[in-house]
Amino acid sequence: MNRDQQFLLPPDMREWVPATHPVWTVIEIVDTHLDTSAFHASRRTGGAGRAGYDPDMLVTLLIWAWSRGMRSSRQIERACTEDISFRVICAGNTPDHVTISRFRKDNHTACQDLFTQVLILAASLGLGRLETIALDGVKIASNASKGANRTEAGLGQAAEAEAARIAAAATAAHAVTDDAEDDLYGPDDPGPGQVPAELADPGTRTARIAEAMAQLEADKREQDTARDRKADDYLARLDAGEKVRGRVPVGAEVAAARRRLEEAVTAQQATLDRFEGASAAGARGHRFAPKPVDEHHLVRRRRTELDTALAKQAARDAAVGRRRRNTTDPDSRLQPLRGGGWLQGYNCQAFTSADGLILATGVGTSPADYDYFPDLVERAGRAAQLIDTTRRTTTPADTNPAPAPAPAPAPAPAPEELIGVMLFDAGYCSRENLTSPGPDRLIATGKARDLETAAAKDPVTGSPPPHTDPIEAMTHRLRTEDGIATYRQRSHIAETVFGHAKHNLGFRRFTGRGLDRARSEWAFHAAVHNIGKILTHLTDGNTLPATT
């Protein structure tokens with residue numbers, strides 16, 4: 001064996017991996033089926049130095065690396081020299097980790113459009129079954145530590161400490177510079193003035209602290225406005241004599257409790273007045289006199305409810321100053337975990353089709369899933385229309401796109417006509433989500449095991465009675481044989497994509513910081529996931545559609 005023997009013929013890169021290797025398919029998808037002009041727009045052209053790397057190559061490199069669970073720029077750089085499939089993508093070049101990281105950072109806004117293009121390609125291959133789709137959320141850690149959270153008072157102290165640190169560093173730098181210049185130029189020669197680098201650019205920590213403080217103020221104003229609006233609406237409905245069901249809004253708890261107490265006091269006082277009037281007239285009334293107002297059970301219960309509401313309000317007022325923001329990633333929030341504990345990160349949502357294709361994504365800071373329902377349902381509806389339009393403009397015989405002169409297709413049907421049923425767990429259950437317009441839906445009104453128990457022990461048939469409360473109507477539907485059988489599909493449709501992301505692809509933490517970067521990373525992951533579905537579909541003998 002002679003490892004020093006040189007190649008007698010130029011090596012052919014296509015001989016490094018077999019023609020059936022999926023890396024060739026990923027290269028073909030990016031080169032011929034995706035519009036990467038948004039990535040090319042930021043490419044440096046002209047000027048001094050060598051030409052920049054081809055954006056198509058870098059996009060392919062990131063897709064292939066993420067599909068292999070490799071998200072570190074340094075690991076990707078190392079793979080470009082050690083892994084044959086990565087070397088094929090780079091055509092022998094080796095972009096360093098700085099180039100890879102900067103490309104990913106500078107082009108994060110193009111990832112949402114890339115996700116849409118991949119979805120169109122998957123639809124042209126027949127993927128994206130819409131008879132049953134499911135939405136679920138998962139908490140993904142941000143690129144920040146829980147230890148970097150500060151209260152409003154803590155942020156003020158951090159700002160003061162940072163200002164003091166910069167001032168001390170500037171003073172020290174000034175003294176060191178003076179001593180050095182005295183040695184170099186003499187004590188009487190001022191020499192060329194230099195501004196210390198730390199004085200010119202003290203870093204971004206001060207800006208992040210200021211941003212976190214501004215977010216605390218903005219969030220406080222927004223929450224106060226929303227709370228007051230909900231409370232005023234609730235109290236106005238009570239004034240109108242309407243019987244309002246559901247949880248009392250936070251800002252109306254004390255006022256509503258006072259009203260219930262006043263009603264109970266008024267009712268019991270009226271009972272006492274009637275008894276005393278009847279006794280004075282000598283009429284035969286109750287054998288026993290009614291209890292005094294303060295001793296009546298309903299009045300005592302309403303007074304306890306008022307005390308509880310006042311205590312909750314006092315606790316909320318005391319907690320206002322304890323709101324926290326992260327000085328590393330001010331957009332991220334502490335997210336509660338199902339098994340207990342907390343995670344500094346974001347709530348990531350994904351709508352998935354019956355065949356495992358991600359139809360829509362969303363990322364937010366609220367830990368409550370039901371807040372994302374309206375936006376994600378709208379996005380899923382647009383995705384369904386996009387899939388339907390793609391299929392109607394694709395020739396069924398050979399899956400080639402229809403020729404350009406063909407007449408324009410008819411408008412896409414409404415999402416209600418395209419989507420069979422949407423499935424949600426109990427985290428999305430609210431009267432607003434149950435009654436909002438859109439496709440048919442099944443939203444759990446409790447834990448899955450409780451739904452199964454109710455359907456097994458107390459099954460029902462037919463539709464719920466008319467004018468039933470929306471939650472009661474959904475509970476009735478989930479106790480029917482068809483309802484519970486359909487809902488059983490939710491788990492494997494909605495949760496499989498998260499298990500694949502975390503355990504197979506290693507997506508447990510965002511690499512960038514900020515809500516916009518988190519949304520683009522999650523959309524890029526969804527595009528990579530869907531490309532994986534396309535590769536699996538092609539192994540069954542299917543082919544990519546021809547391009548013109």
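A polar contact here is a pair of N or O atoms within 3.5 Å; within protein, one must be able to donate a hydrogen and the other to accept it, and residues adjacent in sequence count only if both atoms are side-chain atoms. By that rule, the side chain of Asp56 has a polar contact with the side chain of Thr36, at 2.5 Å. This is a predicted model, so local features need pLDDT of at least 70 and side-chain atom pairs count only at pLDDT 80 or more, while totals for chains, interfaces and linings use all residues. Numbering runs from 1 along each chain as its sequence is written, and side-chain values use heavy atoms, with hydrogens and water left out.

**The chain overall**

- The chain has 21 helices and 8 strands; these are DSSP runs numbered from the N terminus, with helices being H or I of at least four residues and strands E of at least two.
- Of the 548 residues in the chain, 39% are buried, where buried means under 20% relative accessible area, exposed over 50%, and partly exposed in between (1.4 Å probe, protein chains only).
- Take the contacts with a separation of 6 or more: 71% of them come from residues 24 or more positions apart, a contact being heavy atoms within 4.5 Å.
- The accessible surface of the chain is about 30,700 Å², and 52% of that belongs to carbon and sulfur atoms; areas come from the Shrake-Rupley method with a 1.4 Å probe, and for residues only the protein chains shown count as cover.

**Confidence**

- Average pLDDT for the chain is 82, and 80% of the residues score at least 70; pLDDT is the predictor's confidence in each residue, from 0 to 100.
- Over residues 193-202 pLDDT stays under 50, and the model has 7 contacts beyond four places in sequence for this stretch.
- Where pLDDT is low, the predicted coordinates should not be read in detail.

- Asp56 sits in helix H3 (residues 55-67) and is buried, with a relative accessible area of 14%.
- Leaving out residues up to four places away in sequence, Asp56 touches Val30, Asp31, Thr36 and His40.
- Ser332 is in the loop between strand S3 (324-326) and strand S4 (333-336), and at 1% relative accessibility it counts as buried.
- The side chain of Ser332 has a polar contact with the side chain of Gln344 at 2.8 Å, and a polar atom of the Ser332 side chain also lies 2.8 Å from the backbone oxygen of Asp329.
- Beyond four places in sequence, Ser332 touches Ser142, Asn326, Gln344, Gly345 and Tyr346.

**Helix H11**

- H11 (residues 253-280) has 28 residues, which at 1.5 Å a residue should span 40 Å, and its end C-alpha atoms are 41 Å apart, which agrees; the expected span is 1.5 Å times one less than the number of residues.
- Buried residues in H11 include Val254, Leu261, Leu272 and Phe275.

**Salt bridges**

- Side chains of opposite charge can pair when their charged atoms come close.
- The structure holds 14 salt bridges, each being a side-chain nitrogen of Lys or Arg within 4 Å of a carboxyl oxygen of Asp or Glu.
- One of them joins Asp136 and Arg490 (3.4 Å, N to O), linking strand S1 (residues 132-141) to helix H19 (residues 490-494) across 354 residues.
- Asp136 is buried at 3% relative accessibility, and Arg490 is buried at 7%.
- Asp136 and Arg490 also belong to a salt-bridge network with Glu495.
- Glu305 and Arg260 form a salt bridge too (3.4 Å, N to O); Glu305 is in helix H12 (residues 297-319) and Arg260 in helix H11, 45 residues apart.
- Glu305 is partly exposed at 27% relative accessibility, and Arg260 is partly exposed at 27%.
- Arg479 and Asp458 meet at 2.7 Å, N to O, with Arg479 in the loop between helix H17 (470-478) and helix H18 (481-487), and Asp458 in the loop between helix H16 (448-457) and H17.
- Asp458 is partly exposed, with a relative accessible area of 44%.

- Most residues other than glycine have a negative phi.
- Ala91 has a positive phi near 55 degrees; Ala91 is in the loop between helix H5 (84-90) and helix H6 (97-106) and is partly exposed at 49% relative accessibility.
- His467 is not a glycine either, yet its phi is positive at about 60 degrees; His467 lies in the loop between H16 and H17 and is exposed, with a relative accessible area of 85%.
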